[in-house]
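Subject: Structure for you to look over

Hello,

Here is the structure I said I would pass on. Please open it beside this email.

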Amino acid sequence: MNIKYDLGIVGGGPAGYTAALHARKRGLSVVLFEKEQLGGVCLNKGCIPTKTILRSAELYEQLLSSENIGLSFSGAKVDFTKVIERKNQVTSKLRKGLELTLKNSGTIIINAEAKVLDKNTISANGETYTFEKIIVATGSEPGTFKGMEFDHKNILCSDDVLELTELPKSIVIVGSGAIGIEWARIFSAFQVDVTIIELAENLLPVADIEVSKRIERIFKTKKINIYKSVAVESIDYNGICNVHLNNGETIRAEKVLVAVGRKVPEYKKFDGVTYIGDVCKEIQLAHFASKQAIEIIDGIKFDKSLVPSVVYGEPEIAWVGKREQDLEPESYKKSMLLVSALGKSHCDNSTDGFIKVLSKDNKIIGAHIVSKEASALIQQVLIAMQNNITADKLKEVCFAHPTYSEGIFEALFGL
Ligand SMILES: Cc1cc2nc3c(=O)[nH]c(=O)nc-3n(C[C@H](O)[C@H](O)[C@H](O)COP(=O)(O)OP(=O)(O)OC[C@H]3O[C@@H](n4cnc5c(N)ncnc54)[C@H](O)[C@@H]3O)c2cc1C
């Protein structure tokens, strides 16, 4: 007899596994299909592995320049094999933890490629499964453009770069979105010669204009070569990568990382099936994916205009809400506090950056932060924004000293 389950989920990334865990909490019978590894891109090829490598890279960079804080580490060197081993250990540990959590929750896991046949049926491993409801959370994959095809050895996508066994001497990074920026930081901290090529007028074009400009300044101090408003026409390899630009220049490097966005494989959409996460091509972030899952399963709505963005590295970059370039001049108030005004930044030797808050009629409409701990700071502003806590009301909160949070408090007085 063919059992009818409550919920079938295709894809075991943040969207899929969150949906599974929350549905089990509500007592639904759940089958989760995953063709590769549980945890999806986030855990295996995205958020977690990059941040793990970034930690090694930045610690190394700090060791090299630690004399100014009274420490000396002569002979600091990189063992890249160990860096990658640690990355693999971290992802494997988290994957095993997730697998156990899913199993303990009573989710049935099928390790196979699944195909949705109709709004109630999925086939996998030659078997057919029937469901009351189906969620598709099949994610996205690295995208590229004509002339920039990956060869997966020298012309790399974001998956390939995680599999490098040694550091290149030089790398060209095409695209300065979050992935491009984070890898530029990683390679530059490992003392690799980095060149970034960006089609738009500014680095990190999705960010507020002043954030983009500050990142450019920081990258220049790190001797990262930057090309803006330039398109890559083609890339070829003949013992070295040649990146041909539309301004007639050719840039040569040992490797190229093409990070120009993510694509969603073609698939047939069925009425009555729910699609969540990267596959929707809306906001391709892990926390957006998991919030969508919770919205679907638990009915907890969230404001899609208040999704925070974070780009990791020293200093971190985070923002939420409106960007200055999207607002009518004179229609808003702005306050910008330099991180160097905060005692804590001097204690930490991390004084570069700012906390910028935008408001309209006392309502906070945007925050843009370049600072150590920006990933945590942005949540404080976001909680205020989401709950309509005005700038004046937020001034009533007592912020601890010495912290970076004080910067939010101080910035409010400039509005
Ligand atoms: C380098 C990099 C860094 C990133 N850093 C961050 C970050 O710091 N913060 C952040 O929020 N986001 C980050 N992201 C984005 C984040 O990884 C994605 O937004 C998130 O993983 C999307 O989750 P998802 O569940 O929609 O899809 P995915 O994580 O892509 O999972 C989809 C899963 O579905 C499986 N699947 C696909 N088709 C089938 C099928 N037919 N049958 C069975 N299984 C199938 C896949 O194998 C995959 O495991 C990063 C991405 C990359 C590439």
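Predicted model: local features only at pLDDT ≥ 70, side-chain atom pairs only at ≥ 80, totals over all residues.

Domains. The chain is divided into domain 1 (4-140 + 264-298), domain 2 (143-261) and domain 3 (309-412). The centres of domain 2 and domain 3 are 29 Å apart, taken over C-alpha atoms. Between these two, 13 residues of domain 2 are in contact with 14 residues of domain 3. On the domain 2 side, helix H5 (178-189) and helix H6 (209-221) each give two or more residues. H6 gives the most, with 6 residues. By class, that side of domain 2 has 8 nonpolar and 5 charged residues, and no polar ones.

Ligand. There are 34 residues around the ligand, and Gly11, Gly13, Gly40, Gly139 and Gly277 come nearest. Four helices each supply at least two residues of the shell: H1 (14-25), H2 (40-44), H3 (47-64) and H7 (286-298). The shell has 14 nonpolar, 14 polar and 6 charged residues.

Helix pair. H1 also packs against helix H4 (residues 80-105), at an angle of about 30° and with the axes 9 Å apart. Angles under 35 degrees count as roughly parallel, so H1 is roughly parallel to H4. The crossing of H1 past H4 is left-handed. Which residues meet there? From H1 come Tyr17, Ala20, Leu21 and Arg24; from H4 come Leu98, Thr101, Leu102 and Ser105. The residues of this contact divide into 5 nonpolar, 2 polar and 1 charged.

Best wishes

Note on methods:
Residues numbered from 1 in each chain as written. Near = placed C-beta within 6 Å. Nonpolar A, V, L, I, M, F, W, Y, C, P; charged D, E, K, R; others polar. Domains from an automatic or database assignment. Contact = placed C-beta atoms within 7 Å. Axes fitted to C-alpha atoms, helices over the stretch in contact; angles between N-to-C directions. Parallel < 35°, antiparallel > 145°, perpendicular 65-115°, else oblique. Left-handed = near helix turned anticlockwise from the far one by under 90°.
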